[in-house]
Amino acid sequence: MANAKTIVTTGRKMGVPRRGLVIAVATAMQESTLLNYASGVLPESQNYPHQAVGWDHDSVGLFQQRPSSGWGEVGQLMDPAFATRQFLTALRDVPGWQDMALTDAAQAVQVSGLPWAYAQHEWQATEVVDAFLGG
């Protein structure tokens, strides 16, 4: 839950509305089960605080962002607050994201091979965000 709290806190500091926070938490639930992943493919990522090691290309962090795709440097992406800012900045650049289904908004940012998978986390992500926002 500490990583979910970081997502919510970071998003609030950015002025992101509740819907964006729900999308971000649901996306991290799907991508990393809210664990900060290092990459076995990028041994340097294991020099940063992490909770698990994955082997999906050079994907790292809560959102499984890839340094090779321009999301940021390895050390930056291993910081949950930085990774959240990158995700939410990209989300805000998606025209009409506020009115999209969660899975469509998440997919517009993530470009996942399993685009429908984000939807399964919406109710739980909503509960988590509401718990942190007090609503």
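The following legends describe close-up views of a predicted model.

**View 1. Helices H2 and H5 cross at roughly 70°.** Helix H2 comprises residues 18-32 and helix H5 residues 102-110, and their axes come within 10 Å. The two helices are therefore roughly perpendicular to each other. H2 passes H5 in a right-handed crossing. On the H2 side, the contact is made by Arg19, Val22, Ile23, Ala26, Thr27 and Glu31. On the H5 side, Leu102, Ala105, Ala106 and Gln110 take part. Six nonpolar, two polar and two charged residues make up this contact of H2 with H5.

**View 2. Helix H5 is largely enclosed by the rest of the structure.** This description applies because seven of the nine residues of H5 are buried. The buried residues are Leu102, Thr103, Ala105, Ala106, Gln107, Val109 and Gln110. Their cover includes H2, H4 and H6. Just after H5, Val111 adopts a positive phi of about 50°.

View 3. Thr27 is buried, and its relative accessible area is 0%.

**View 4. Helices H1 and H4 pack at an angle of about 55°.** Helix H1 spans residues 2-13 and helix H4 residues 80-92, with their axes 9 Å apart. H1 and H4 are therefore oblique to each other. Their crossing is right-handed. From H1, the residues Asn3, Thr6, Ile7, Thr10 and Gly11 meet Pro80, Ala81, Thr84, Arg85 and Leu88 of H4. By class, four residues of this contact are nonpolar, five are polar and one is charged.

**View 5. Helices H1 and H2 cross at roughly 150°.** The axes of these two helices come within 10 Å. The crossing angle of roughly 150° makes H1 roughly antiparallel to H2. H1 passes H2 in a right-handed crossing. Ala4, Ile7, Val8, Gly11 and Arg12 of H1 meet Leu21, Ala24, Val25 and Ala28 of H2. The contact of H1 with H2 contains seven nonpolar residues, one polar residue and one charged residue. Ile7 and Gly11 of H1 belong to this contact and also to the contact of H1 with H4.

**View 6. A salt bridge joins Asp130 to Arg18.** The structure holds three salt bridges. In the pair shown here, the closest N and O atoms of Asp130 and Arg18 are 2.8 Å apart. Asp130 lies in helix H6 (residues 122-133) and Arg18 in helix H2, so placed that the pair links distant parts of the chain, 112 residues apart. Arg18 is partly exposed, with a relative accessible area of 38%.

**View 7. A salt bridge joins Glu122 to Arg19.** The side chains of these residues meet at 2.8 Å, N to O. Glu122 belongs to helix H6 and Arg19 to helix H2, so the pair ties together parts that are 103 residues apart in sequence. Glu122 is partly exposed, at 28% relative accessible area. Arg19 is likewise partly exposed, and its relative accessible area is 25%.

**View 8. A salt bridge joins Arg66 to Asp58.** The side chains of Arg66 and Asp58 meet at 2.5 Å, N to O. Asp58 is buried, with a relative accessible area of 10%, whereas Arg66 counts as partly exposed at 29% relative accessibility. Side chains of opposite charge can pair when their charged atoms come close.

Methods:
Residues numbered from 1 in each chain as written. Predicted model: local features only at pLDDT ≥ 70, side-chain atom pairs only at ≥ 80, totals over all residues. Heavy atoms only, no water. Axes fitted to C-alpha atoms, helices over the stretch in contact; angles between N-to-C directions. Helix = DSSP H or I, 4+ residues; strand = E, 2+ residues; numbered from the N terminus. Parallel < 35°, antiparallel > 145°, perpendicular 65-115°, else oblique. Left-handed = near helix turned anticlockwise from the far one by under 90°. Contact = heavy atoms within 4.5 Å. Nonpolar A, V, L, I, M, F, W, Y, C, P; charged D, E, K, R; others polar. Salt bridge = Lys/Arg side-chain N within 4 Å of Asp/Glu carboxyl O. Buried < 20%, exposed > 50% of the residue type's maximum accessible area, 1.4 Å probe, protein only.
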